[in-house]
Amino acid sequence: MPLAKVGEIELDYERSGSGPPLLMIMGMSGTKDHWGEPFLNALRSDFETIVYNHRGVGDSSRLQGQFTIAELAADAAGLLAALKIEQAHVLGISMGGMVAQELTLAHQQLPLTLALGCTYCGGEGSALTGSETMQQLSAGVASRDRERAIRAMWEVNVSAELAAKDEPWQRFRATGMRKGVTLPVVIEQMRAISEHDTSTRLPKIRTPTLVVHGTEDRMLPVQNGHMIARLIAGARLEIMEGIGHLFFWERPERAAELVREHVYTHV
């Protein structure tokens, strides 16, 4: 896979599809493969999708000390600059949605549109992952069994209905087994998330914004989506009933349709 030089690091990225550029920013413990082919395929006929691995992930530069969400946003902006893309549509999910918030606040003219999925802004009224869910994830990691850890991640990231289905689980398992994110990187991502707070700054965003959240999200409860949509003037809020954190795995066609509608409403 190609590498882009971004400041002192390199980022592992992939471009595919045709159309206006869509920068896709992945969440905590995810790789660029975790978007899933059904979702990517549904976008490629309308966009040139740009997916990449955060620092410390995949073939991107190894982690060197701590980082902030704002620094990950600088990485994202640097990637676009390295690819000679002046403006792009931006989609960020979970931690990637936090990165997308900081990216937009720092570079108001860079995102043509902004889509924030299953994410969090910090501040009073927001909510991070609950203790029961964290215990389930921790038990998977503590088992030192990679497949068990991936299974725990699957079960807390999707609805109970999807978790019980074998075909999507096998695709998720294969993605995780192929190339995972190391525990030290995940821990550093968690630390950066814990310090993230854009709640008082989100009203400064003027970029057309779509907010998507599932009602069964155990990682970042749905109240976060409502809060972000209230704070960004004119934001469209799309709530997916009965859907978990990885809404683009549960409803890839619908998720792609929402992004497509949002972009073409504002171009």
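**Close-up views of the pockets and helix contacts**

**View 1. The largest pocket and its lining.** Helix 8 contributes the most to the lining of the largest pocket, six residues. The model shown is predicted, so to speak of local features takes pLDDT of at least 70 and to count side-chain atom pairs takes pLDDT 80 or more, while totals for chains, interfaces and linings use all residues. Residues are numbered from 1 along each chain as its sequence is written, and side-chain values use heavy atoms, with hydrogens and water left out. Helices are DSSP runs of H or I with at least four residues, numbered from the N terminus. A pocket is an open set of points on a 1 Å grid over the protein atoms alone, where a 1.4 Å probe fits and protein lies on both sides within 12 Å along at least five of seven lines; lining residues have an atom within 4 Å of a point. The volume of this pocket is about 1100 Å³, counted as the space filled by probe spheres set on the points. Look for Met28, Ser29, Leu137, Met153 and Val186, which lie nearest the centre among the 39 lining residues. Besides helix 8 (183-194), at least two lining residues each come from helix 4, helix 5, helix 7 (166-178) and helix 10 (247-250). By class, the lining has 23 nonpolar, 13 polar and three charged residues (nonpolar: Ala, Val, Leu, Ile, Met, Phe, Trp, Tyr, Cys and Pro; charged: Asp, Glu, Lys and Arg; polar: the others, Gly among them).

**View 2. The second largest pocket.** Here the space amounts to about 160 Å³. Thirteen residues line this pocket, and Asp33, Gly36, Glu37, Thr175 and Arg178 are the closest to its centre. Helix 1 (37-44) and helix 7 each provide at least two of the lining residues, with helix 1 giving the largest share, four residues. Seven charged residues join four nonpolar and two polar ones in this lining.

**View 3. Helix 4 against helix 5.** Helix 4 (residues 131-142) packs on helix 5 (residues 146-157) at an angle of about 160 degrees, their axes 7 Å apart (axes are fitted to C-alpha atoms over the stretch in contact, and angles run from 0 to 180 degrees between N-to-C directions). The two helices are therefore roughly antiparallel (over 145 degrees; under 35 is roughly parallel, 65 to 115 roughly perpendicular and the rest oblique). On the helix 4 side, Thr133, Gln136, Leu137, Ala139, Gly140 and Val141 make the contact, and on the helix 5 side Arg148, Ala149, Ala152, Met153, Glu155 and Val156 (contact means heavy atoms within 4.5 Å). Seven of these residues are nonpolar, three polar and two charged.

**View 4. Helix 5 against helix 7.** Helix 5 and helix 7 pack with axes 10 Å apart and an angle of about 130 degrees, which means that helix 5 is oblique to helix 7. Arg146, Glu147, Ile150, Arg151, Met153 and Trp154 of helix 5 meet Pro168, Trp169, Phe172, Arg173, Gly176, Met177 and Arg178 of helix 7. This contact has seven nonpolar, one polar and five charged residues.

**View 5. Helix 2 across helix 3.** The axes of helix 2 (residues 69-82) and helix 3 (residues 95-106) cross at roughly 75 degrees and come within 8 Å, so the pair is roughly perpendicular. From helix 2 come Ile69, Ala70, Leu72, Ala73, Ala76 and Ala77, and from helix 3 Met95, Met98, Val99, Glu102 and Leu103. The contact residues divide into 10 nonpolar, no polar and one charged.
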